[in-house]
Amino acid sequence: MKLFRFLAYSLAFFIGAVFAFRGTNSFPGNPAKQYKPSYAVKTVNTVSDAKAAAPAMSNLAQQGKNLFIANCAACHNKNMKDKLIGPALGGVEARWSDYPKEDLYNWIRNSQAMVSAEHPRAVAVWEESDRLIMTSFASLSDEDIDAMLAYVNAVYQP
Ligand code: HEC
């Protein structure tokens, strides 16, 4: 019985010592002794994990994504923040917010008509892009454009 007790105490002491040692291991001033967790750190490393982690895109944005890829992605970067041929579209609604929404719809349907009419934002963005001419998309409806803007906003992280 005594031997059993001795073993139990030694075991308790040993466990205590291990914990104390792990404590000193995490001392922040010593980078060589950085605390490394013994449990597995969960990382997103499969496609299904990544999909589960990403917020679901609304149906409208999903519809806009298809339209954007078909019509705009050749000139406007899909990451919405780097320039491609045309400027990045992230935050575009804010840049047109001094004007009625119609103006942005009209720009996308026929940008050069807006430049000729001397719309201030149209002239400014045209000058900034060295007067490159954006394709006209006369057949896009307001709903189509709303869907694409929803997609732009879903992708863009300011
Ligand atoms: C052939 C290349 C091209 C395509 C295709 C194109 N754009 Fe553009 N876009 C431009 C350029 C270049 C500009 C800069 C203004 C200019 O030079 O006319 C621009 C500017 C814009 C602007 C104004 C940005 C701002 O900051 O004010 C919007 C909005 C826009 N494009 C939306 C679209 C959408 C939506 C599509 C698809 C339906 C599209 N563009 C397709 C080239 C293109």
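The shell around the ligand is made up of 16 nonpolar, six polar and two charged residues. Here nonpolar means Ala, Val, Leu, Ile, Met, Phe, Trp, Tyr, Cys and Pro, charged means Asp, Glu, Lys and Arg, and polar means the others, Gly among them. A heads-up before the views: this is a predicted model, where local features need pLDDT of at least 70 and side-chain atom pairs count only at pLDDT 80 or more, while totals for chains, interfaces and linings use all residues. Numbering starts from 1 along each chain as its sequence is written.

**View 1. The whole chain, for orientation.** Eight helices and zero strands are found in the chain, which reads α-α-α-α-α-α-α-α along the sequence. Helices (H or I, at least four residues) and strands (E, at least two) are DSSP runs, numbered from the N terminus. Of the 158 residues, 15% count as buried. Buried means that 20 or more other C-beta atoms lie within 10 Å of the residue's own, exposed means 12 or fewer, and partly exposed is in between, with C-beta atoms placed from the backbone. Among contacts with a separation of 6 or more, 60% link residues 24 or more positions apart. A contact here is a pair of C-beta atoms, placed from the backbone, within 7 Å.

**View 2. Around the ligand.** The ligand is surrounded by 24 residues, and the closest are Cys72, Cys75, Gly86, Ser129 and Met134. H7 supplies the largest share, three residues.

**View 3. Helix H3 and its buried face.** Helix H3 covers residues 59-71, and its 13 residues should span 18 Å at 1.5 Å a residue; the end C-alpha atoms are 18 Å apart, which agrees. That expected span is 1.5 Å times one less than the number of residues. Gly64, Lys65 and Phe68 are the buried residues of H3. Seen down the axis of H3, they fall within an arc of 110 degrees, so they line one face of the helix. The arc is that of the directions from the helix axis to the C-beta atoms. An α-helix has 3.6 residues a turn, so residues three or four places apart point the same way. The buried residues of H3 pack against helix H8 (142-155). Over on the other side of H3, Asn59, Asn66 and Ala70 are exposed.

**View 4. Helix H5 and what covers it.** In H5 the buried residues are Leu104, Trp107 and Ile108. Looking down the axis of H5, you'd find them within an arc of 95 degrees, so they line one face of the helix. Their cover includes helix H6 (111-116), H7 and H8. Zooming in on Trp107, and leaving aside its neighbours within four places in sequence, the contacts are with Met114 and Ala122.

**View 5. The largest nonpolar core.** This core has 17 residues, of which Trp107, Met148, Tyr151 and Val152 touch the most other members. The elements that give two or more residues to it are H5, H7 and H8, and H8 gives the most, with six. A nonpolar core is a set of buried Ala, Val, Leu, Ile, Met, Phe, Trp, Tyr and Cys residues joined through C-beta atoms within 7 Å. In soluble globular proteins, nonpolar side chains tend to be buried together.

**View 6. Two residues with positive phi.** Most residues other than glycine have a negative phi, and most peptide bonds are trans. Met80, in the loop between H3 and H4, has a positive phi near 65 degrees. Met80 is buried, with 20 other C-beta atoms within 10 Å. Asp130, in the loop between H7 and H8, has a positive phi near 55 degrees. Asp130 counts as exposed, with 6 C-beta neighbours inside 10 Å.

View 7. Val92 belongs to helix H4 and is buried, with 21 other C-beta atoms within 10 Å. Val92 and Met80 are 12 residues apart in sequence and 9.6 Å apart in space, C-alpha to C-alpha. Pro120 sits in helix H7 and counts as exposed, with 11 C-beta neighbours inside 10 Å. Between the C-alpha atoms of Pro120 and Trp96, 24 residues apart along the chain, the separation is 9.8 Å.

Conventions:
Near = placed C-beta within 6 Å. Contact = placed C-beta atoms within 7 Å.
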